[in-house]
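Work through the exercises below with the sequence and the model side by side, and try each task before reading its solution.

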Amino acid sequence: MNERAEIRMFIRERFPNAELDDQQNIFALGYVNSLFAMELVLFIEKHFRIEIPNEELDIANFCTIDAMSELVGRCAVPA
Amino acid sequence: MTSSRAHPESVADARAAPESARTGFRSFVDQVVAPYAGEFDRREEMPRSVLREAAARGYWGAALPASVGGAGMDMMTLGELHEEIGRGCSSLRNFFTVHTMTSATVHRWGSQEARDRLLEGMAAGELLGAFCLTEPEAGSDAAAGTATATRSGNCYRINGTKRWITAGEMADVMLVFANAERGRSAFIVEAAGPGVERIPIRGMLGCRASMLAEVRFEDCRVPASALLGREGAGGMIATSALDLGRYSVAAGCVGLIQACLEACVDYTSHRRQGGAMIKDHQLVRRMISEMVADLRAARLLCRHAGELKDSGDPATITATWIAKYRASVSAMRCATDAVQLHGANGCSDDFAVGRYFRDAKIMEIIEGSSEIQQLLISDSAYHDNDPFTRELVGGPR
């Protein structure tokens, strides 16, 4: 499973009825708030074993599945 | 019973030898805090000597790593520390709550410059933190805050008023939320600088020694490096800090329940009415049994939230809401019963349970009112696939 699919699955576990595509702004859906945004931060850090640096704590990085996937790519330590 | 003794400047000689963390916390509270908490409450003041004694034991840096001089405690241990402090004095625990929220946020989301300048002092307790979110017209709806942060070259100018700020009267480092060009943002403000005015708030119902203040920012200039995260990330940072604050308050409520139970067991074991100890009355036993059950349930909920925090599990946010909600409601119920069991004595200043009662009411309001928590917790029943919730609502949907 790739990063996008794993992020999508996490969001769907919380919001089973959400119809999501990778470019959709999840905050614009109306039921995602800053509380869930912080859960996304924790999920991304734990699941992908990265630490999001302070300069990347930008709501734009969590608005879409694509943006989160790109964030993971930027923060990942090369093997 | 409260004590009229003056607080000692130092109890260093009375410190115990190395011991388990919980035992050390308990010793600190029993020697330095609990006997004098009634006096702190009456004076509406937290003595510097208590803060220094906590500093000598490394408690202000409990949640910070050793690399900045902190104790590097895990969240389970931090919960035990705040529970024990809450057993002795909710006002002091409030100091620890906002200091922990602020210092952990600087550590996690601050610029390197801010971390280098502030964290060692915060870990040592030389710099006290305060959390400046609430405004006169923006409480539960914190997003409605009207404070502004205007970029001006390499600085921001902050304007606005924050209210009900715990430790606001004496804090050195303030975590301030204000609206910048890209949305609500979080800034670190060093309170000694120009443009910061504090007006002490007195006469609160409870937690009277929390040294609340209204803090006014008027063209308060902070460097761009004072911004935490990016502009617009204030909501996420507030959520993160409040999650830690709720965990601290929840743990403090467990301590408050413990204090109610201990006071009531002692009182009902010595108080005679109608030729019998009042502990032998069945209705008294009912109240004691409810306290025991509430204590265990609240403590387990806190531990569950702490375990999830230590493992970095995002489920900790909902778990912490639930822990704080249940622990604060239980603390209010137990404190109400504690006053009832003490009768007229419980309504006097001679017994601590009256203070517990007043402090417990505050716990149902701060860091998210019970009603806001109920809304969010019930949301989880409809939307969450958390296994605990799913089990309760009857299997997967």
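**Exercise 1.** Which domains does the domain assignment give for chain B?

*Solution.* The model is predicted, with local features needing pLDDT of at least 70, side-chain atom pairs counting only at pLDDT 80 or more, and totals for chains, interfaces and linings using all residues. Residues are numbered from 1 along each chain as its sequence is written, and chains are lettered from A in the order in which they are written. The assignment, whose bounds come from an automatic or database source, gives domain 1 (12-123), domain 2 (129-233) and domain 3 (235-393) in chain B.

**Exercise 2.** Describe the side of domain 1 of chain B that touches domain 2 of chain B.

*Solution.* Begin with the contacts (C-beta atoms, placed from the backbone, within 7 Å): 23 residues of domain 1 of chain B meet 18 residues of domain 2 of chain B. Next, assign the domain 1 side to helices (DSSP runs of H or I, at least four residues): α2 (37-43), α5 (90-109) and α6 (112-123) of chain B each supply at least two residues, and α5(B) has the largest share, 12 residues.

**Exercise 3.** Trace the pairing of β3(B) with β2(B) and with β7(B).

*Solution.* Strands are DSSP runs of E with at least two residues, and two of them pair if DSSP finds at least two bridges between them. Strand β2 (residues 148-152) of chain B pairs with β3 (residues 155-165) of chain B in the antiparallel sense over five bridges, with Ser152(B) opposite Cys155(B). The two strands form a hairpin with two residues between them, and Gly153(B) in the turn has a positive phi of about 65°. Finally, eight bridges join β3(B) to the antiparallel β7 (residues 213-223) of chain B, where Val222(B) is the bridge partner of Tyr156(B).

Methods. Two residues are in contact if their C-beta atoms, placed from the backbone, lie within 7 Å.
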